[in-house]
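The stops below go from the whole chain to single residues.

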Amino acid sequence: MIIRLSTAALAVASAFPAIALAAPAEQSTVLVTATRQAQRADESLADVTVIERAQIERAGSTFSLPELLARQPGIQMSSSGGPGKATDIFIRGASPRQTLLIVDGMRLGSATLGTATWQDIPLSQIERIEIVRGPASALYGADAIGGVIQIFTRKGEGAPKVDAFVGAGSYGTRETSAGVSGGTDKLSYSVRGGYAENDGYSAIYSKAKQPFYYNPDKDPYRNSNLSAKASYRLADGHEVGASILYATSRNHYDSGLGFDNFSDDVQNVWNLYSRNRLSDAWTSTVRFGQSIDDAKNFASYAPNGASIKTTQQQFMWQNDVRLPVGTLLAAYENLHQKAVNQDTFDVSRSVNSALLGWTAGFGPHKVQLNARHDDNSQFGGKTTGYAGYGYQILPTLRVQGSIGNAFRAPTFNELYYPGYGNVNLKPESAYNKEVGLLWEQHGHNVSATYFRNRVTNMIVNDQNFIPQNVGSARLEGISLGYGGQLAGFDIVANIDFLDPKDLDTDKRLQRRANKTGNLAVSRSFAALTVGAEWQGAGGRYDRTGETKPMGGYGLVNAFAKYALSKELGVEARANNILDKQYETALGFKTAGANVFFGVRYTPQ
């Protein structure tokens, strides 16, 4: 497979000879998630994607963060019935519990379910998204088997300004947001709020497929959110700052006739930090914060509401030291997780972690080494490592590879749920190998990555629904991508071939497609920008053992933006133009053909 990968990448690269390239190179993007230190994205040894604010707005409004993530290489999603409904994210075929969400440096998610509430995080509050595919436990600890997604909230710079957006569309969709931001050479600030709602449709469309939960009523969703971020430079090399993201939602869902089922959910994450340059070569950063995932469910079995709340309190001290060769990373972290499930349980655990890292470049050679030890009060210690190497074959072509291990900590439900928990559970473990080729010239880039991730000690339920460490899986695949400009058109494309296999049954893992692909083409004509998108996925199985098949699908979208002035623009988006009927979770409805129109005011 590695030979086929190399051949495919070189074939794609050779299709774009240097004499045909005319687009100027853009300024290099900087990311921090892949090493926990600032570096150029095109120098990262990990398989990464960075989504900037301009890219979020360029394609027109979209209601859902998961929809945006699902357009990225190596990522698939499943949704239980439309906006605001429970959504799972799969990176490289890893389970939703094996993907870590970080917001401004803080973990966010449910310690009982082991997943994040992706659908409740509004795009209007996001400045940038960084995606790192592959094991990252050596940097971030538990749950980073498939990868890490870090979200950075909106920031401020330049003269004080007010920006705003308002839009409406199909299914009674309405969205508004506004913010105030600015900055000087010492102070940066941003405060913004937003509201979105959708009248929805029946989350479950088929009584035959979901006989116990079907209810043909509409299932609306609403979300109110705010964020604030500020930093102040006390002196040269010394900065303090803070940020907060708060989102509250009400989501109606189907769960049988006779009761209007809904949940009230809160996502809240804040942090304080102090970054100090202690010498020309040594920078120390101390960060403290907390995240809350709070869900209160109103259903026929709990008409007065059943609450499940996760609180994660986090302290970090990171030191970045510039060495004669490369940069050293040394850090200590403390994580305290607490979960309260109303009258069912009230549990907590603490994790103390120490980590080291070193990144360096020697001419055409690049190296990244990381090691981390996590001491968990529930199951003891776990050590993880990562080693990456890259070689610049030509000025335009680099080969790189890495090995690393990762783990997932058992959730509180798996450990302590009355009658079904197993306090003797150990962490799931993973060992990943990958190799990639990257070609870049004159603003064009081509990438090809092959990976093979072996997951052992997987937690699966026995015949009595008691979780046990008995499963194993192999996640293997190839990811190909291209981005650049051809004949005046901006083009972004990717295709993924995935073989996510349960090694105990030799069957494909549930809700993962073997093939997925995305294509986006856009072009600007003076004040007008127009574009089209295609998103495709092969067939999947909704249940384990390759049962309950779901068909593949291909979706076509279109968007347009027109600048009335430098500050004011109108935009439109048409999704699923061909009105494709498809499902990402068996029996749960997805949106048909729909449109959205908006007006955006963004001072320059």
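Accessible areas here come from the Shrake-Rupley method with a 1.4 Å probe, and for residues only the protein chains shown count as cover. This is a predicted model, in which local features need pLDDT of at least 70, side-chain atom pairs count only at pLDDT 80 or more, and totals for chains, interfaces and linings use all residues. Residues are numbered from 1 along each chain as its sequence is written, and side-chain values use heavy atoms, with hydrogens and water left out.

**Whole chain.** Select everything. The chain exposes about 25800 Å², and carbon and sulfur atoms supply 58% of that area. Its C-alpha trace spans about 65 × 60 × 55 Å along the principal axes. Buried residues (under 20% relative accessible area; exposed is over 50%, partly exposed in between; 1.4 Å probe, protein chains only) make up 51% of the 604 residues.

**The largest core.** A nonpolar core is a set of buried Ala, Val, Leu, Ile, Met, Phe, Trp, Tyr and Cys residues joined through side-chain atoms within 4.5 Å. Select Leu65, Leu69, Ile129 and Ile149, the residues with the most contacts inside the largest core, which has 26 residues. Elements that give two or more residues to this core include helix H3 (65-69), strand E8 (126-133) and strand E9 (147-153). For a second, separate core of 10 residues, select Leu100, Ala144, Ala331 and Leu355, which are included in it.

Now centre on Leu69. Which residues does Leu69 touch, leaving aside its neighbours within four places in sequence? With contact meaning heavy atoms within 4.5 Å, they are Ile75, Ile89, Trp118, Ile129, Ile131 and Ile149.

**Two loops.** Go to Asp143, in the loop between helix H4 (137-140) and E9. Asp143 has a phi near 85°, a positive value in a residue other than glycine, and it counts as buried at 16% relative accessibility. Next select Ala487, in the loop between strand E25 (467-486) and strand E26 (489-502). Ala487 is not a glycine, yet has a positive phi of about 50°; at 68% relative accessibility, Ala487 counts as exposed.

**Last stop.** Select Ala558 in strand E32 (residues 553-563). Is Ala558 buried or partly exposed? Ala558 is partly exposed, because its relative accessible area is 24%. Leaving aside neighbours within four places in sequence, Ala558 is in contact with residues including Gly531, Ala572 and Ile577.

Technical notes:
Helix = DSSP H or I, 4+ residues; strand = E, 2+ residues; numbered from the N terminus.
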